[in-house]
Amino acid sequence: MTTRTSQGILSEDKAEKREEIIELLAKAYWMEMETVMSYLANSVNPDGVRAQEIRESLAEDIQEELAHAQQFANRIKELYGVVPGSLEFSAEQTFLQPPDEQTDVVHVIKGVIEAETGAIEHYNRIIEAADGVDWVTQDMVIGILHEEEGHRRLFEGFLREYEAEGLA
Ligand SMILES: [Fe+2]
Ligand SMILES: [Fe+2]
């Protein structure tokens, strides 16, 4: 009798590795969900002429970050995991709370850069954990990482402008 031995990450002997990856994916899922909340608030709150660009940019990002959360959720299921319920959520983005003054756009820009940096660090971790064992997760997260790097670069450009004028 022959048994199938090689089914990659979905095989029985990879259960432990799957658990590890599912846990990393769940953290990524919550990071995206919190980013959706933070970007939504910050796409509405800021006041002023120059805040408009930031607001519009963040309003666009909401959909992208939500799509990332959906990708992470689907991958959790494909790996035989369960997408966590809302009671398991705990907020971490202290740096993206509303500033004291809603004209403080620099506060928002720096908060976004910090959020994107956190995502970039965590997604690099997942890419390494998946290396050689879970190519599909790795490929998916590389795509998401690419978008986060783009987000961070865009907001670094916004910050540069404020720095050049001595406002940051
Ligand atoms: Fe994202
Ligand atoms: Fe992002």
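Tutor: Start with F89, which counts as partly exposed at 25% relative accessibility. For that label, under 20% relative accessible area is buried, over 50% is exposed, and partly exposed is in between (1.4 Å probe, protein chains only). Keep in mind that this is a predicted model, where local features need pLDDT of at least 70, side-chain atom pairs count only at pLDDT 80 or more, and totals for chains, interfaces and linings use all residues. Residues are numbered from 1 along each chain as its sequence is written, chains are lettered from A and ligands numbered from 1 in the order in which they are written, and side-chain values use heavy atoms, leaving out hydrogens and water.

Now for the rings. Phe, Tyr and Trp rings (for Trp, the six-membered one) pair if their centres lie within 6.5 Å; planes under 30 degrees apart are stacked, over 60 edge-to-face, and the rest tilted. That rule gives four aromatic pairs. One of them joins W30 and F89: it's tilted, at 5.3 Å centre to centre with 50° between the planes. W30 sits in helix α1 (residues 15–42) and F89 in the loop between α2 and α3 (105–130), so this pair ties together parts 59 residues apart in sequence. Helices here are DSSP runs (H or I, at least four residues), numbered from the N terminus. W30 counts as buried, at 16% relative accessibility. Ring pairs also bring in Y29, making a cluster of Y29, W30 and F89.

Next, look at F72 and Y123, another tilted pair: 5.2 Å centre to centre, with 50° between the planes. This one links distant parts of the chain, since F72 is in helix α2 and Y123 in helix α3, 51 residues apart. Both F72 and Y123 are buried.

Helix α2 (residues 51–78) gives the most to it, with four residues. One to click on is E60, in helix α2, which is exposed at 61% relative accessible area. E147 is in helix α4 (residues 135–164) and is partly exposed, at 35%.

Note on methods
Helices (H or I, at least four residues) and strands (E, at least two) are DSSP runs, numbered from the N terminus.
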